Amino acid sequence: MYATPTSSEEGGHPVTVVSLTKMKQAGEKIACLTAYDASFATVVDRCGVDLVLVGDSLGMVIQGHSTTIPVSVDDMIYHTKAVARAVRRGFLVADMPFMSYPDGPRALENAARLMQEGGASMVKLEGGVGQLEVVDYLARRSIPVCAHLGLQPQAVHKIGGYKVQGRDPEAAVTMRKNAMALEEAGADIVLLECVPKELAASIASSAAVPVIGIGAGPDVDGQILVLYDVLNIGVGHRARFVRNFMEDAASIDEAILAYVGAVKDGSYPAPEHCYT
Ligand code: KIV
């Protein structure tokens, strides 16, 4: 039987951008998961997930598309609203979908909709140095931003597939520089997807803001996975970093509690989930 994990934010206090930074400073791992509807959001929240992401991965796992590119701002608002009605404690982040942030003013308009209509507390956008102006524009207007680096699924057709990023030394240096520049521009969280673990560790140790990983090894400040991967509902190819938490669980609650516990005690991700 899995116990609800101990957390500095336990007791129903809502997690904030400030408490996430305090968790980083205290060395407490941040457990994050996606959710797309009120029922799963209720379960995720009661299991102690610190950050709930309404990811544009919903285009794939909910809508059945082969990429996240068809997802619209209206789709994101619809799902964010549903999740926001259920989440009491977790910090709620919503993805800005493909082409919803081509410049500062349009990014602001769409981020404001995700926050005002959807109820998100932060928006996430993909991109490196090309997004510095947008991040700066949003941050100056008090929009909390998570900057997603490494594998950027919205760029799948540009990069030619879902591949590990930052493996060659030049790309690693660029990613590191971009992460620091995004923090400097005002990003409150950096998310690294499919990045060699040493590179992710070096970015996390240099950044003042929390660095959340997915396929980025254990030495970052927190982990995120797509909920359906944790519950083994996924169809098709399973990425190396995915662990099926339903394997030893008797219920969905038990699986999510096991995920949160494994993130908190550092047993997930294990070496077999990491890229080098
Ligand atoms: O869209 C999403 O769910 C994401 C996570 C995989 C990080 O961006």
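**Figure 1. Burial and overall dimensions of the protein chain.** In this predicted model, 55% of the 276 residues of the protein chain count as buried. The chain holds 11 helices and eight strands. Its C-alpha trace spans about 50 × 40 × 40 Å along the principal axes.

Figure 2. S7 covers residues 211–214. Val211 and Gly213 point one way from the strand, while Ile212 and Ile214 point the other way. All four residues named here are buried.

**Figure 3. Pairing of S6 with S7.** Strand S6, residues 189–193, runs parallel to S7, and four bridges pair them. Glutamate 193 stands opposite isoleucine 214 of S7. Between S6 and S7 the chain passes through helix H9, residues 197–206. This β-α-β crossover is right-handed.

**Figure 4. Pairing of S7 with S8.** Strand S8 spans residues 222–225 and is parallel to S7. Two bridges join S7 and S8. Here glycine 213 stands opposite glutamine 223 of S8.

Figure 5. Isoleucine 62 lies in the loop between helix H3 (58–61) and helix H4 (73–84). Its relative accessibility is 35%, so isoleucine 62 counts as partly exposed: the cut-offs are under 20% for buried and over 50% for exposed.

Technical notes:
Residues are numbered from 1 along each chain as its sequence is written. This is a predicted model: local features need pLDDT of at least 70, side-chain atom pairs count only at pLDDT 80 or more; totals for chains, interfaces and linings use all residues. Side-chain values use heavy atoms; hydrogens and water are left out. Buried means under 20% relative accessible area, exposed over 50%, partly exposed in between (1.4 Å probe, protein chains only). Two strands pair if DSSP finds at least two bridges between them. A crossover is right-handed if, with the strands pointing away from the viewer, the path from the first strand over the helix to the second runs clockwise.
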